[in-house]
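The sequence and structure come first.

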Amino acid sequence: MQQRNYQREMDALIASLDARPRLLLHSCCGPCSSACLERLAPHFDIDVFFYNPNILPAEEWEKRLFWQKHLLETAPFGKNVGLIVPERDETAFRLAAAGLEAEAEGGARCTECFVLRLSRTAEAAREGGYDYFATTLTVSPHKNAPLINAIGEKLAEDHGVLWLPSDFKKKDGYKRSVELSAKYELYRQDYCGCVFSKREAEERKKRLEKAYNGKGENP
């Protein structure tokens, strides 16, 4: 079975537009949203939906929200973009992750996290009368774009609102997000958001440091 090209599907959809639809764009952070907004802002009236109950601790959530706001206030493509911030609810994530705490990053726990965040986005899109909903998550090279799009398409059917397919990492999207992060001096986090990904990132860093030190001691 031929793999779908979600970026090409999005480009074709945009090319077919004869008006500016309203888009509710789920965003996990300023850096990830940067390249996505730059690409989408010429074609849609956008509100960013910052719903991320997985981001812990609270200080990290607040820091990422601050830099999301900073991007919208400083980048030209953020000038007419709105921002919706539901109340932070880490209980929702902990319930979704219950029993999956030992899963590796990218496994079943992450799938449940995608479902949680996109379900809330789809609900808000339907209630707010948006034409489409989407997410910035596919800009990351570490995220499973086919899985995210499959979840989005299912939720679109369930909630009666259109899903905007995407694979924002394509066409150097991730590279562009890094460039824009540097240009607007955005804080770039070193873990996805939850306590489990933070722990994996810290363990990975320790392994790399140990390997580096060992190599230095034994040239």
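## Salt bridges

Counting a side-chain nitrogen of Lys or Arg within 4 Å of a carboxyl oxygen of Asp or Glu, the protein has 13 salt bridges. The model is a predicted one.

One of these salt bridges pairs Glu-153 with Arg-4, with 2.7 Å between the closest N and O atoms. Glu-153 belongs to helix α6 (residues 145–159), while Arg-4 sits in the segment before α1 (6–16), so this pair ties together parts that are 149 residues apart in sequence. Both residues are partly exposed: the relative accessible area is 25% for Glu-153 and 37% for Arg-4.

## Pairs within a helix

Glu-90 and Arg-94 also form a salt bridge, at 3.2 Å from N to O. The two residues are four apart in helix α4 (residues 90–97), which is about one turn of the helix. Glu-90 is partly exposed at 25% relative accessibility, and Arg-94 is partly exposed at 42%.

In helix α7 (residues 173–183), Glu-179 and Arg-176 are three residues apart, again about one turn. Their side chains make a salt bridge in which the closest N and O atoms are 3.3 Å apart. Glu-179 has a relative accessibility of 37% and counts as partly exposed; Arg-176, with a relative accessible area of 29%, is partly exposed as well. Elsewhere, salt bridges with shared partners link Arg-4, Glu-9 and Glu-153 into one network.

## Fold and dimensions

The protein contains eight helices and five strands. Read from the N terminus, the order of elements is α-β-α-β-α-β-α-α-β-α-β-α-α. The radius of gyration is 18 Å, close to the 17 Å given by the globule rule for 219 residues, so the protein is as compact as a globular protein of that length. Along the principal axes, the C-alpha atoms fill a box of roughly 65 × 40 × 40 Å.

Among contacts with a separation of 6 or more, 74% are between residues 24 or more positions apart.

## Surface and charge

Buried residues make up 47% of the 219 in the protein. The accessible surface is about 11,500 Å², and carbon and sulfur atoms account for 51% of that area.

Side chains of opposite charge can pair when their charged atoms come close. In this protein there are 32 positive and 33 negative side chains. The centres of these two sets are 5 Å apart.

Note on methods:
Residues are numbered from 1 along each chain as its sequence is written. This is a predicted model: local features need pLDDT of at least 70, side-chain atom pairs count only at pLDDT 80 or more; totals for chains, interfaces and linings use all residues. Side-chain values use heavy atoms; hydrogens and water are left out. Buried means under 20% relative accessible area, exposed over 50%, partly exposed in between (1.4 Å probe, protein chains only). The radius of gyration is taken over C-alpha atoms; the globule rule is 2.2 Å times the number of residues to the power 0.38. Contact means heavy atoms within 4.5 Å. Accessible areas come from the Shrake-Rupley method with a 1.4 Å probe; for residues, only the protein chains shown count as cover. Lys and Arg count as positive and Asp and Glu as negative; His and the chain ends are not counted. The place of a charge is taken as NZ of Lys, CZ of Arg, CG of Asp or CD of Glu.
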